[in-house]
Amino acid sequence: MHIQIRKFYYGDIPEENTGGATPINHSTEQGWPLWEVFIRSKQGLDHKHVGSLHAADAAMAIENARDVYTRRQEGVSIWVVESKFVHASDPADAESLYEPAADKIYRHPTFYDLPDAVKHM
Amino acid sequence: MELYDLEKKFQEKIEKEIKIEPRDWMPDAYRKTNLRQISQHAHSEIVGMLPEGNWISRAPSLKRKAILIAKVQDEAGHGLYLYSAAETLGTSREQMIDDLHSGKAKYSSIFNYPTLTWADMGAVGWLVDGAAILNQVMLCRTSYGPYARAMVRICKEESFHQRQGFESLLVMSQGTEAQRAMCQDAINRWWWPSLMMFGPKDSESTNSDQSMKWKIKRKTNDELRQQFVDMIAEQIKLLGMTLPDPDLRWNEERKHYDFGEINWTEFWNVVKGNGPCNKQRLEARNKAHEEGAWVRAAALAYAEKKRVRTTAKVA
Ligand SMILES: [Fe+2]
Ligand SMILES: [Fe+2]
């Protein structure tokens with residue numbers, strides 16, 4: 001007889017009541033706001049988005065970012081911005097926003113054919 | 001656009017290896033599967049701190065203690081990267097934590113085994129982190145952008161975890177008779193649970209492999225498990241120890257190691273909550289969360305007080 005066992009991939013156990021602890025009351029606790037973290041990895045480089053974290057205020061966000069994102073000297077400067085203040089373009093507008101650039105190849109230096117005799121250009 | 005077209009376009013992006021980002025359209029089931037997998041992964045990192053945290057105060061030297069603290073702190077960081085990635089799919093941190101604490105959400109069963117001796121710290125680093133790394137390296141190429149980025153960061157930090165574990169066992173394997181026995185005992189206890197980490201066999205399911213089609217997962221359980229066995233079967237020779245499997249032998253034809261059958265009854269028992277430490281782990285998590293409640297509330301109150309003061313000053 002072929003026995004069928006429910007399969008899940010490592011790291012993905014199916015959602016169902018397979019036992020465990022007894023349910024607790026869900027908390028009504030107000031959570032800390034979400035912050036986006038930007039790190040300058042080296043003097044002279046841009047700050048780059050590295051991820052996000054929760055913190056009660058900006059000072060704590062910077063402290064937490066130090067612990068979470070720079071444990072191995074990944075940065076020399078940190079910016080944090082509360083996530084709710086970030087405005088983003090709509091992925092649905094991607095075509096109208098970015099595709100017009102595709103046919104403007106004259107914006108690139110390689111568009112121009114120059115004789116080899118022209119040096120330093 | 002029709003739902004059918006959206007799904008077709010979505011699948012085309014997947015085929016072309018274009019990552020899916022939080023605000024892109026995605027099928028509901030894709031969102032759900034990712035949310036479940038990423039949050040379970042986050043919970044595993046967090047609960048995974050418990051068996052090792054157990055030995056921090058009893059590490060045999062200052063050097064080993066510093067290493068263990070650094071590793072456990074890394075795991076906390078991994079949990080945070082992953083919770084953040086999961087939050088981009090539209091569930092709050094509080095909800096996920098609640099689901100973990102109520103027992104509704106799962107985490108890797110491996111952390112429901114006890115760490116009984118100091119040698120377990122070596123065996124966990126070498127075998128458990130070793131198994132996790134194979135999965136995580138694969139997940140660096142997963143299709144959901146935030147998950148893949150978290151994995152890249154995690155993988156950079158993981159390799160020290162496995163190396164320190166192996167090195168710790170190597171030192172023991174060259175030690176006294178008692179240290180050698182302790183080393184072998186830890187390997188004996190952690191070997192089979194580590195193999196179970198990869199989940200049920202590929203052949204024992206009729207489920208459609210949607211996760212593979214969506215490129216959330218890129219290798220099957222058996223592929224990853226075989227990769228792990230081949231790796232460990234060679235490494236153990238350097239320890240002069242053995243793996244507790246009489247059926248383990250090199251198969252010249254397959255160019256892989258053959259190995260014995262996993263105890264699937266034990267596997268399902270632990271998944272269902274009846275492992276040696278399931279109860280203890282959840283109790284420890286709940287206790288920590290409850291005892292930290294006043295700290296979280298105080299931090300919020302303090303932030304609010306500061307905010308009111310600065311607004312008053314400006315006005
Ligand atoms: Fe980890
Ligand atoms: Fe690790």
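Me: What spacing do the donors of the iron ion (ligand 1) follow along the chain?
Reply: Donors are N, O and S atoms within 2.8 Å of the metal (3.2 Å for Na, K and Ca), and water is not among the atoms, so sites may look incomplete. Here the spacing is E-x29-E-x2-H-x79-E. This is a predicted model, where local features need pLDDT of at least 70, side-chain atom pairs count only at pLDDT 80 or more, and totals for chains, interfaces and linings use all residues. Residues are numbered from 1 along each chain as its sequence is written, chains are lettered from A and ligands numbered from 1 in the order written, and side-chain values use heavy atoms, without hydrogens and water.

Me: Which residues coordinate the iron ion (ligand 1)?
Reply: Look for Glu45(B) (OE), Glu75(B) (OE), His78(B) (ND1) and Glu158(B) (OE), at 2.1 to 2.3 Å.

Me: Are Glu45(B) and Glu158(B) buried or exposed?
Reply: Buried means under 20% relative accessible area, exposed over 50%, partly exposed in between (1.4 Å probe, protein chains only). Both Glu45(B) and Glu158(B) are buried.

Me: How far apart are the iron ion (ligand 2) and the iron ion (ligand 1)?
Reply: They sit 3.4 Å apart, and Glu75(B) coordinates both.

Me: Are Asp129(B) and His161(B) buried or exposed?
Reply: Asp129(B) and His161(B) are both buried.
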